[in-house]
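The following exercises concern individual residues of one structure.

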Amino acid sequence: MKYTRSVLNSLVACAAAFALVGTAVAQAPVDGSATVVRIKGPARYTTGNGNWQTLKPGTVLKPGAIVQTGTAEGSYVDLVLGSGEGNIGAVQPAVFKPFIPSSYSSSYQPSAAQNVVRLWQNTALGIDKLSTMQTGADTVSDTELDLKMGRITGNVKKMSAASKYEIKLPNGVAGIRGTLYDIYAEGIVKVRVGSVVLAWIDPKTGNMVTQVVAGGQSYDARTGQITPLSPVDLHGLDTVNAQMRFVQAAPTTVVASDLTIEDISPVGPPNNRGPAPGVGPIIPGHL
């Protein structure tokens, strides 16, 4: 009996030790990266050392990098976020061939296998954090982006309850939950599907304002107005979502037709805005 009890105690101790080891392994976060899958127009990036480099399809960006697009009309950069599992096709130089859903009804649901974000023209975006952690039962991700100026559109896959996807703005922060969103640094939020919680500092009062923006809604933090998405917005978001999800291996030429970026700060009309922190003009010859 004593021998049996001793064996059982040993097995319990071993099981507890393995459980502790498993928990330690499960709780070790793994840093991810962002991969450039599509570029139109001039763009550049820095890894935080102040040295800007030309952005190319296939470039892998680690947390700490800042991406900036040019001012040429129609310029954009598409990034796939994460460690690489479930990528949307080949992560390599790509061109877009249109695929447009046959219907733009309110029941349309994006189904990207990976988080994607598009930086529109005249945009600067910091990649602050991209990490994942396996808990044994689920995958917990932590994504933090910093929209310094401009506009981004993103498609976020379904996340676990403990996961976090946040976009810092010059005057606030937006929390994303499994959605197709469109956000401007000035505090305009449009949501196609899902929801976004915007915490915004009112420049007039200095008070923090929180607003939930549901699917099919648009919110302007500058005016406090929330309205239904227009048919133009609905169609546009669905079209961009289809573009971001479609990647085809093919060479891409980056055309530097406009190498000047207008400096933007979050408050005031476009012509009166100052430079965003850490962001300056794209200078010809430095791309």
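Strands (E, at least two residues) and helices (H or I, at least four) are DSSP runs, numbered from the N terminus. Residue numbers start from 1 along each chain as its sequence is written, and side-chain values use heavy atoms, with hydrogens and water left out. The model is predicted: local features need pLDDT of at least 70, side-chain atom pairs count only at pLDDT 80 or more, and totals for chains, interfaces and linings use all residues.

**Exercise 1.** Determine the surroundings of Asp142.

Solution. Begin with the element: Asp142 belongs to strand β11 (residues 139–149). Next, take accessibility, where buried means under 20% relative accessible area, exposed over 50%, and partly exposed in between (1.4 Å probe, protein chains only). Asp142 is buried because its relative accessibility is 14%. Then list the contacts (heavy atoms within 4.5 Å). Apart from residues up to four places away in sequence, Asp142 touches Lys129, Leu130, Ser131 and Lys164.

**Exercise 2.** Is Ser195 buried or partly exposed?

Solution. First, locate Ser195 in strand β15 (residues 188–201). Ser195 has a relative accessibility of 23%, so Ser195 counts as partly exposed.

**Exercise 3.** Describe the backbone and setting of Asn122.

Solution. Start with the loop between β9 (115–120) and β10 (124–134), where Asn122 is found. The phi of Asn122 is near 60 degrees, a positive value. Most residues other than glycine have a negative phi. Lastly, Asn122 is buried, since its relative accessible area is 10%.
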